[in-house]
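Please open the structure in a viewer and keep the selection panel at hand.

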Amino acid sequence: MHYPARAMTIAGSASGGSAGIQADLKTFQELDVYGMSVVTAIVGRHPGTGRNVHPMTIESIEAQFATAMQQVGADALKTGMLFSAEVIETTAMLLGQSDIERIVVDPVMVGKLDSKLLADDAITALQEKLIPMATIITPNMPEASVMLHGRKIETVNDLKQAAFDLHALGSKYVLVKGGRLSGPAVDVLYDGEMFTYLKAPRIDTVNTSGAGCSYSAAIAACLAKGKSVEKAVHLAKSFVTTAITYGFSYNDMVGPTYHAAQRKFGGAHDIKVWQEK
């Protein structure tokens with residue numbers, strides 16, 4: 001019998017189902033990867049107190065990781081919302097003690113509405129402890145800007161320079177996502193020598209909740225299946241572009257990307273790819 005490849009996500013639980021752990025596990029399932037999760041916090045706004053982030057204890061994070069590794073093991077792993085220096089340091093320690101070699105770090109620090117999701121000491125811990133362990137990091141434009149001390153990132157050339165500079169933090173690959181560019185959605189991948197550009201048409205929709213989580217989860221799923229980083233990013237970009245194309249909402253709030261879109265509607269998106277040194 002063929003067993004599916006194994007992927008784990010260490011991230012926040014998004015109660016609405018569009019992002020975080022929920023988006024990651026849906027992505028893993030759609031890409032035929034066995035998904036596991038370590039919940040770092042539960043994200044859901046209390047109607048009375050207004051509190052939105054409900055952290056897990058460090059003990060519970062360690063317990064979840066140990067259980068998943070003992071019962072199943074992992075071929076690849078992605079991190080999402082880690083929210084505190086202590087959680088980041090714990091995650092780095094756990095990964096350092098494991099034999100997981102394919103690690104996707106989605107440096108979740110800026111939300112959809114530019115809300116800051118990481119304290120300053122946590123950003124430092126992320127850069128010093130976790131990013132050097134990564135196979136690939138996947139910042140969006142605001143996150144790349146934060147890591148580059150507030151530098152403006154507005155053009156494809158800015159993305160290229162950001163990818164080049166962020167590579168110095170120690171990740172093998174850097175993918176700076178251009179979802180907030182005007183015009184086509186161009187992402188820049190850099191491996192220390194070669195720049196790879198991936199261009200997709202811009203989809204006219206506001207229903208993109210969880211797109212970044214799903215993109216990095218799809219990269220992790222493809223790496224778990226043994227794909228090269230370049231191929232994994234290409235396949236993931238196609239998957240998430242299709243999911244965005246069929247995004248929807250149940251009400252007047254920003255809705256989710258549709259994880260089943262590629263399976264249901266077929267026809268992976270044509271992603272234009274080119275390279276330069």
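The model is a predicted one.

**First stop: helix 1 and helix 7**

Select residues 20-30, which form helix 1, together with residues 211-224, which form helix 7. Two packed helices are described by the angle between their axes and the distance between the axes. Here the angle is about 40°, and the axes lie 8 Å apart. Helix 1 and helix 7 are therefore oblique to each other. Their crossing is right-handed.

Next, display the side chains at this contact. From helix 1, Gly20, Ala23, Asp24, Thr27 and Phe28 take part, and they meet Cys213, Ser214, Ala217, Ala218, Ala220 and Ala221 of helix 7. Sorted by class, the residues of this contact are seven nonpolar, three polar and one charged.

**Second stop: the buried side of helix 1**

Keep helix 1 in view and select Gly20, Ile21, Ala23, Asp24, Thr27 and Phe28, which are buried. These residues lie on the same side of helix 1, because they cover an arc of only 165° around its axis. An α-helix has 3.6 residues a turn, so residues three or four places apart point the same way.

Then move to aspartate 32, which follows helix 1 and has a positive phi, near 60°.

Select residues 58-71 for helix 2 and residues 85-96 for helix 3. Their axes come within 11 Å and cross at roughly 25°. With that angle, helix 2 is roughly parallel to helix 3. The crossing of helix 2 with helix 3 is right-handed.

Which residues of these two helices meet? On helix 2 they are Ile58, Ile61, Glu62 and Phe65, and on helix 3 they are Glu86, Val87, Thr90, Met93, Leu94 and Leu95. This contact comprises seven nonpolar, one polar and two charged residues.

Select residues 156-166, the extent of helix 6, and highlight its buried residues Leu159, Ala162, Ala163 and Leu166. Turn the view to look down the axis of helix 6: the buried residues fall within an arc of 100°, so they line one face of the helix. Their packing partners are helix 5 (141-147), strand 7 (173-176) and strand 8 (185-190).

Select methionine 133, in the loop between helix 4 (120-130) and strand 6 (136-137). Its relative accessibility is 26%, so methionine 133 counts as partly exposed. Leaving aside residues up to four places away in sequence, methionine 133 touches Ala92, Leu95, Gly96 and Ile103.

**Last stop: lysine 199**

Finally, select lysine 199 in strand 9 (residues 195-200). With a relative accessibility of 28%, lysine 199 counts as partly exposed. How far apart are the C-alpha atoms of lysine 199 and isoleucine 271? They are separated by 5.7 Å, although the residues are 72 residues apart along the chain. Beyond residues up to four places away in sequence, lysine 199 touches Pro184, Ala185, Val186, Lys237, Asp270, Ile271, Lys272 and Trp274.

Conventions:
Residues are numbered from 1 along each chain as its sequence is written. This is a predicted model: local features need pLDDT of at least 70, side-chain atom pairs count only at pLDDT 80 or more; totals for chains, interfaces and linings use all residues. Side-chain values use heavy atoms; hydrogens and water are left out. Axes are lines fitted to C-alpha atoms, for helices over the stretch in contact, and angles run from 0 to 180 degrees between N-to-C directions. Helices (H or I, at least four residues) and strands (E, at least two) are DSSP runs, numbered from the N terminus. Angles under 35 degrees count as roughly parallel, over 145 as roughly antiparallel, 65 to 115 as roughly perpendicular and the rest as oblique. A crossing is left-handed if the near helix is turned anticlockwise from the far one by less than a right angle, and right-handed if clockwise. Contact means heavy atoms within 4.5 Å. Ala, Val, Leu, Ile, Met, Phe, Trp, Tyr, Cys and Pro count as nonpolar, Asp, Glu, Lys and Arg as charged, and the others, Gly among them, as polar. Buried means under 20% relative accessible area, exposed over 50%, partly exposed in between (1.4 Å probe, protein chains only). The arc is that of the directions from the helix axis to the C-beta atoms.
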